[in-house]
Amino acid sequence: LRDDLASGALGIEVIDVGPGTATAAMTITDTMVNGHAIGHGGYVFLLADTAFAYACNSYGVATVAASADITFIAPVYAGDRLTAVGVERAKWGRSGIYDITVSNQARVVAEFRGNSRTIAR
């Protein structure tokens, strides 16, 4: 967490980490909205990706994203508090699949699926 400068710079808080799981949260600020006055999807993706990263690195082995996909379900707005909850679905060899659900204070706003790959260090 100390070395995760990108997440820290955006005010992302890692709330919980367990084996194959992680929860992260952030508040959408005025500078995170696009020309339609809704939260830019890149920030929603980044929050989900952070929860994904912490979930797949929770075993203490360096792991990165091999691929990721997101479905935006509902818009978010400045002031919304987003929470991303990541859960491991499958893990085999050096690969894993993780689902991350992103919600605001009222509903699910996005579903993210990440495929991980452990790397040698």
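The largest pocket is lined by 16 residues, and those nearest its centre are Ala53, Tyr54, Asn57, Thr63 and Val64. A word on the terms: on a 1 Å grid over the protein atoms alone, a pocket is an open set of points where a 1.4 Å probe fits, with protein on both sides within 12 Å along at least five of seven lines, and lining residues have an atom within 4 Å of a point. This is a predicted model, in which local features need pLDDT of at least 70 and side-chain atom pairs count only at pLDDT 80 or more, while totals for chains, interfaces and linings use all residues. Residues are numbered from 1 along each chain as its sequence is written, and side-chain values use heavy atoms, with hydrogens and water left out.

The space in the largest pocket comes to about 280 Å³, where a volume is the space filled by probe spheres set on the grid points, joined across faces, edges and corners. Who supplies the lining? Helix 2 (41–56) and strand 3 (63–72) each contribute at least two residues, and helix 2 gives the most, with seven. Helices (H or I, at least four residues) and strands (E, at least two) are DSSP runs numbered from the N terminus. By class, the lining holds nine nonpolar, four polar and three charged residues; here Ala, Val, Leu, Ile, Met, Phe, Trp, Tyr, Cys and Pro count as nonpolar, Asp, Glu, Lys and Arg as charged, and the others, Gly among them, as polar.

Six strands form an open, antiparallel sheet in the order 1-2-4-5-6-3, with two strands taken as paired if DSSP finds at least two bridges between them. Strand 1 (13–18) and strand 3 are the edge strands, each pairing on one side only. On average, neighbouring strands of this sheet are turned by 20 degrees against each other, direction ignored. Helix 2 packs on the sheet and touches strand 1, strand 2 (21–27), strand 3, strand 4, strand 5 and strand 6 (108–118), and its direction makes about 150 degrees with that of strand 2. Such angles run from 0 to 180 degrees between N-to-C directions, with axes fitted to C-alpha atoms, for helices over the stretch in contact.

Within the sheet, strand 2 and strand 4 pair over seven bridges in the antiparallel sense; alanine 25 has threonine 83 as its bridge partner in strand 4. Strand 4 (residues 81–92) and strand 5 (residues 95–103) pair, also antiparallel, over nine bridges. Glycine 86 is bridged to isoleucine 100 in strand 5, and tryptophan 92 stands opposite serine 95. These two strands form a hairpin with two residues between them, and glycine 93 in the turn has a positive phi of about 50 degrees.

What about single residues? Glycine 20 lies in the loop between strand 1 and strand 2. Glycine 20 counts as buried because its relative accessibility is 1%, buried being under 20% relative accessible area, exposed over 50% and partly exposed in between (1.4 Å probe, protein chains only). Leaving aside neighbours within four places in sequence, glycine 20 is in contact (heavy atoms within 4.5 Å) with residues including Ala55, Tyr59, Gly86 and Tyr98.

Alanine 37, in the loop between strand 2 and helix 2, has a positive phi near 65 degrees. Most residues other than glycine have a negative phi. With a relative accessible area of 48%, alanine 37 is partly exposed.
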